[in-house]
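Colleague: Please take a close look at one part of this model, the interface, and describe it in one connected account.

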Amino acid sequence: MTSAPETRRAFFLVMLAAASAVFLYPFVWLVVASLKPRSRTFADPFVPWPHPFSPQNYAAVWDAAPMLAWLVNTLIVGFMAALTVTVSSAFVAFGFAYFRFPGRGVLFGSVLGTMMLPSAVTLVPTYLIWNSVGLTGTQVPLWAGNLFGSAFYIFLLRQFFLSIPRYVFEAARVDGASYLDLFWRIALPLARPALIIAFVFELKASWFDLMKPLIYLQDPRLFTLPRGLKAIVDQFYQGGDPKWEIVLAAGVITTLPLIVIFFIGQRYFVEGIATTGQRG
Amino acid sequence: MRTRPRLRTETRWAYVFLLPWLLGLVIFQVGPMVASFVLSLTDYDLISSPRFAGLGNYAEMLKDPKVAAAIGNTAFYTVLHVPLAIAIALLLALMLNRITGRAAGFFRTVFYLPSMTPYVAVGVLFLFLLNGQAGLVNQFLGLFGIDGPQWTTDPAWVKPGIVLMSLWNLGTTTIILFAALRNVPRELYEAAMIDGAGPWQRFRSVTVPMISSALFFVVIVNTITSLQMFDQVYTMYFGSQSAQQSSGDAALFYVVYLFQQGFQFLHMGYASALAWLLFAIIAVITVIQVKAGNRFVYYESEPPGAAERGTR
């Protein structure tokens with residue numbers, strides 16, 4: 001009876017290690033294959049180092065496609081999307097959390113209701129809106145909708161603001177603070193962890209997005225990384241000019257920065273998912 | 001009466017704060033919903049002005065074999081993906097819950113990493129891994145003497161391949177279930193053990209009821225996202241001629257077809273009708289799941305339907 005928990009723990013450790021290998025090995029394969037010459041892409045799939053070593057694949061990607069421009073575009077679009085949605089959602093969330101006013105219940109219900117609406121329903125009319133103001137073909141439609149807040153983050157941040165004791169705000173009011181002061185100087189600084197959660201989630205969502213760049217961008221110089229990677233697959237995997245090593249190296253370049261961001265903000269990702277149940 | 005003017009300023013300020021949301025609601029939600037419905041009753045190609053078509057698009061959908069194929073493919077995927085993904089994620093979460101401390105944190109990170117891989121990159125990666133001749137998956141099966149199928153070209157194996165790919169992305173579901181398991185009070189297990197409950201009984205009578213609201217949540221979210229599957233499938237099987245020919249309609253998922261109709265063939269009226277059918281399907285399935293869920297979900301002190309998850 002005494003050693004049973006120990007052996008059981010060891011058993012679970014071994015099982016989890018095996019599962020980890022299954023989840024991690026595709027990454028290893030991707031990186032290794034991206035560093036091999038084309039003729040060896042599929043050879044020795046279980047050897048976890050590139051042989052022969054062919055780092056020039058990455059130089060080839062650089063020549064074949066404007067990867068650096070795509071990376072910069074992705075960072076700009078992602079930053080704009082994350083910043084706008086975080087600030088606007090916090091602003092609205094504060095309105096719902098602090099004030100008591102007629103219609104609050106119904107309006108907050110509308111926030112929850114839009115979370116249920118599949119984005120496919122508004123896809124075509126949203127395109128027509130951006131088209132009518134002449135912004136299709138630019139990166140603006142990829143983030144500007146975020147200026148109006150997003151239901152999920154409004155919900156998340158409202159919950160956070162509600163947890164701030166009300167006397168904190170009332171004391172500031174007595175000292176003559178305006179409502180905008182309450183928001184900027186008290187609510188926002190206290191909500192830092194929740195704001196970071198919203199920011200990193202939206203940065204990730206923007207980095208994942210393929211549909212909007214497909215719909216709105218024609219000029220390859222404006223592409224984001226996922227849209228660019230899709231163009232590379234079409235040309236160098238499916239097209240008549242198979243250069244797998246370029247596709248694989250571009251895949252690594254698309255993925256790696258996000259993994260780095262994840263390790264920096266890991267705490268916030270895990271906390272955010274565990275407490276809110278955000279879909280990934 | 002002294003408070004009245006102040007109340008009114010407060011209300012005015014409240015609406016100042018809500019203004020971005022209200023504008024967005026009108027411009028990007030309610031307006032497009034109405035527009036989408038009106039468009040679904042027309043033929044519109046973006047160039048000439050919309051022509052009223054009544055219920056023509058909806059009648060067309062019923063006859064369109066591609067709609068039937070897309071619904072069939074999406075249903076096939078959803079029915080396999082949701083239970084498999086949740087079962088495996090639950091298994092991983094249960095094991096994480098048995099080991100404690102830093103090791104659990106490490107494994108949790110590992111399981112989440114695939115979820116940080118952009119879907120286009122996942123699609124690209126699995127085009128290689130599922131390659132019928134030489135991909136990693138078939139070479140692995142070969143170690144056991146199994147001759148793996150042509151995952152990416154044989155129409156019978158394209159969707160199972162997509163399901164396999166989807167099971168690499170379990171991180172979010174695992175984290176949610178693991179967090180729920182950690183919130184189950186230990187005393188309940190101790191009490192059950194005193195009552196003589198074995199491991200299976202403890203799982204059935206303590207664990208499952210105590211995490212039922214999290215299970216319910218991941219079922220609903222996984223179902224809704226499965227029904228809207230697009231990025232990975234589009235990356236692998238659409239966008240270029242040769243890609244599309246190799247798999248036929250086996251990978252034609254619902255949102256892929258909607259996207260093609262709307263933005264490749266510029267049948268914007270038809271695409272809008274397709275969008276409303278999808279909305280109806282998702283709404284009906286969600287309502288059924290919520291109805292069924294309310295019967296088996298155990299809510300600690302909160303009444304069913306209280307959507308106030310995630311405080312603290």
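**The interface between the chains**

Modeller: Across the interface of chain B and chain A, the rule finds 0 salt bridges. The model is predicted, and polar contacts between chain B and chain A number 12 residue pairs, both residues at pLDDT 80 or more. On the side of chain B that touches chain A, helix H1 (residues 3-39) of chain B gives the largest share, 23 residues. That side of chain B divides into 69 nonpolar, 21 polar and 8 charged residues. In total, 98 residues from chain B and 99 residues from chain A take part in the contact. Chain B and chain A bury about 8900 Å² between them, and carbon and sulfur atoms give 77% of this area. B:Phe17, B:Trp21 and B:Phe128 supply 10% of the area that chain B buries against chain A, more than any other three residues.

Of what the domain 1 side buries, A:Leu30, A:Ser34 and A:Arg38 together account for 60%, losing the most area to domain 2 of chain A. The rule finds 1 salt bridge across this domain interface. The side chains of A:Arg38 and A:Glu245 meet in a salt bridge, at 3.0 Å, N to O.

How values were computed. Residues are numbered from 1 along each chain as its sequence is written. Chains are lettered from A and ligands numbered from 1 in the order in which they are written. This is a predicted model: local features need pLDDT of at least 70, side-chain atom pairs count only at pLDDT 80 or more; totals for chains, interfaces and linings use all residues. Side-chain values use heavy atoms; hydrogens and water are left out. Buried area is the accessible area (1.4 Å probe) that two parts lose on being put together, summed over both. A salt bridge is a side-chain nitrogen of Lys or Arg within 4 Å of a carboxyl oxygen of Asp or Glu. Contact means heavy atoms within 4.5 Å. A polar contact is a pair of N or O atoms within 3.5 Å; within protein, one must be able to donate a hydrogen and the other to accept it, and residues adjacent in sequence count only if both atoms are side-chain atoms. Helices (H or I, at least four residues) and strands (E, at least two) are DSSP runs, numbered from the N terminus. Ala, Val, Leu, Ile, Met, Phe, Trp, Tyr, Cys and Pro count as nonpolar, Asp, Glu, Lys and Arg as charged, and the others, Gly among them, as polar.
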